[in-house]
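Here is a friendly briefing to read with the model open beside you.

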Amino acid sequence: MRIAIVGAGISGLVIAHLLHGQHDITVFESADYAGGHTNTIRVDTAYETHHVDTGFIVFNDRNYPNFERLLNRLGVAWQPSTMSFSVSDGMGDFEYSGASPNGLFANRRHLLTPWFHRMVSDLARFNRAARSLLAAPGTGARPGPSLGEWLERHNFSAPFIERLIVPQVSAVWSADPGQMWSFPARFLAEFFDNHGMLGFSSRPRWRVIRGGSARYVEALTAPFADRIRLRTPVRAIRREDGGVLVWPRGAEPLRYDEVVLATHSDQALALLQDATDSERQVLGAIPYQVNEAVLHSDRRLLPRRRRAWASWNYHWQPDPAPRATVTYHMNRLQSLQAEREFCVTLNRTDAIDPERVIRKITYAHPVYTARGVAAQRRVEEVSGRRRTHFCGAYWGWGFHEDGVRSALRVAERFGAPL
Ligand SMILES: Cc1cc2nc3c(=O)[nH]c(=O)nc-3n(C[C@H](O)[C@H](O)[C@H](O)COP(=O)(O)OP(=O)(O)OC[C@H]3O[C@@H](n4cnc5c(N)ncnc54)[C@H](O)[C@@H]3O)c2cc1C
């Protein structure tokens, strides 16, 4: 079969990898590299070369079974990483890291601050309440309480909500802190539970790809690199009797037997000239939000006190910006031995010394709501119909394993399992 695959992120590349041996595939990618959110930047300094990740960074030994299987199959090496989280106001008055008691009380004044102690003790209560929520009978098709309703019901303190849980959720999903009140509480509890975040023991072991995430993309694409058309955005798609028409930019339409849309949900919908009502409803229910990422070496974006530094550092602001504001400390995450601190900061570009900016990149993340979670369950209603298949991390939690899983679902339809 002639199959067009639109998008060369993890989802599109996995489906391409599984299909290329049996089918005549073409992968269309608008960017000038394959990988999508897997985007490793080579940085040359006077003495060293580093390969620093900017999008996909970490995975773990518990929640990424299919991605891990893929890495093993490709023979791609990984190395341990450390996952820790800090919240800081950037001025040193308020900052803590969850990594150790020394980090938790990085600002020693917090030893004597009652609301700080209440914030910490509310965490244990939150973990218990979230476990009870999961143990309660399912809500069936109903979405259950939103995070806002649920937090209010349990009477958590304002510092706990504003300075601990909102930063965590906002950082995990790169989500607007203001939008999270409508986040389905159960969706969040399930994710926290799956990732060992509802307790202090039994945490998964985190990993990064040795030499940067791009190393797995190279291995994955090697057998079909000649089938990938970079800098070739698809402009439109139309389904017809007996085939699918795909319009690459500046070219005549090309006819395929099937098309796999491995872009984001909103991008996929925009491409369909003849979208059905179901496609509009399902894809339209999972919007994406733009986040600006900057790779830089301005250490002022890390907490003031070194003992509060963590792998993920959330920027707390009294009036939160309508975007997640977080700095990933890449030296820590990728064990980089460097004479400078490599950081990736989301949505705080103005605070970064322009002299220390290495690269600016625009990414987009799915925005999860109860409507979106309900739409995910309708995948079979749209995917695999009318010669059109949809994959992408947005069908799950929005992470790498979800991208792989969504590709495996599509691959099964073609009889090509991993
Ligand atoms: C800053 C950041 C950090 C992250 N960290 C992690 C992490 O540590 N661990 C984790 O598991 N996940 C992480 N993620 C989540 C990540 O988004 C997913 O893991 C996954 O990489 C998304 O894959 P995808 O295939 O769904 O989409 P993408 O990787 O975005 O791929 C979609 C591709 O489609 C292309 N495209 C779009 N429209 C067209 C068109 N019209 N024509 C042709 N091509 C098109 C795009 O250029 C892109 O390459 C992170 C994301 C970001 C942004």
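The centres of domain 1 and domain 2, taken over C-alpha atoms, are 28 Å apart. This is a predicted model, where local features need pLDDT of at least 70, side-chain atom pairs count only at pLDDT 80 or more, and totals for chains, interfaces and linings use all residues. Residues are numbered from 1 along each chain as its sequence is written.

**The two domains**
- The domain assignment of the protein chain gives domain 1 (2-78 + 211-285 + 370-413) and domain 2 (84-202 + 288-366); such bounds come from an automatic or database domain assignment.
- Their contact takes 23 residues from domain 1 and 27 residues from domain 2, where residues are in contact if their C-beta atoms, placed from the backbone, lie within 7 Å.
- On the side of domain 1 that touches domain 2, strand S3 (40-44), strand S4 (49-53), H9 and helix H12 (370-376) each supply at least two residues. Helices (H or I, at least four residues) and strands (E, at least two) are DSSP runs, numbered from the N terminus.
- By class, that side of domain 1 has 10 nonpolar, nine polar and four charged residues. Ala, Val, Leu, Ile, Met, Phe, Trp, Tyr, Cys and Pro count as nonpolar, Asp, Glu, Lys and Arg as charged, and the others, Gly among them, as polar.

**Around the ligand**
- There are 34 residues around the ligand, and Gly 7, Gly 9, Ser 11, Gly 36 and Phe 399 come nearest; a residue is near a molecule if its C-beta atom, placed from the backbone, lies within 6 Å of it.
- Helix H1 (10-19), helix H9 (265-271), strand S19 (357-366) and helix H14 (400-413) are the elements that give two or more residues to this shell, and H1 gives the most, with three residues.
- The shell around the ligand holds 17 nonpolar residues, 16 polar and one charged.
- Both domain 1 and domain 2 take part, as the shell draws at least three residues from each.

**Helices H4 and H7**
- Helix H4 (residues 114-135) packs against helix H7 (residues 185-194) at an angle of about 110°, with axes 9 Å apart. Axes are lines fitted to C-alpha atoms, for helices over the stretch in contact, and angles run from 0 to 180 degrees between N-to-C directions.
- H4 and H7 are therefore roughly perpendicular to each other, a term for angles of 65 to 115 degrees.
- The residues of this contact divide into six nonpolar, no polar and three charged.

**Arg 304**
- Arg 304 sits in the loop between strand S15 (288-296) and strand S16 (312-315).
- Leaving aside neighbours within four places in sequence, Arg 304 is in contact with Gly 92 and Glu 95.

Conventions:
Contact = placed C-beta atoms within 7 Å. Parallel < 35°, antiparallel > 145°, perpendicular 65-115°, else oblique.
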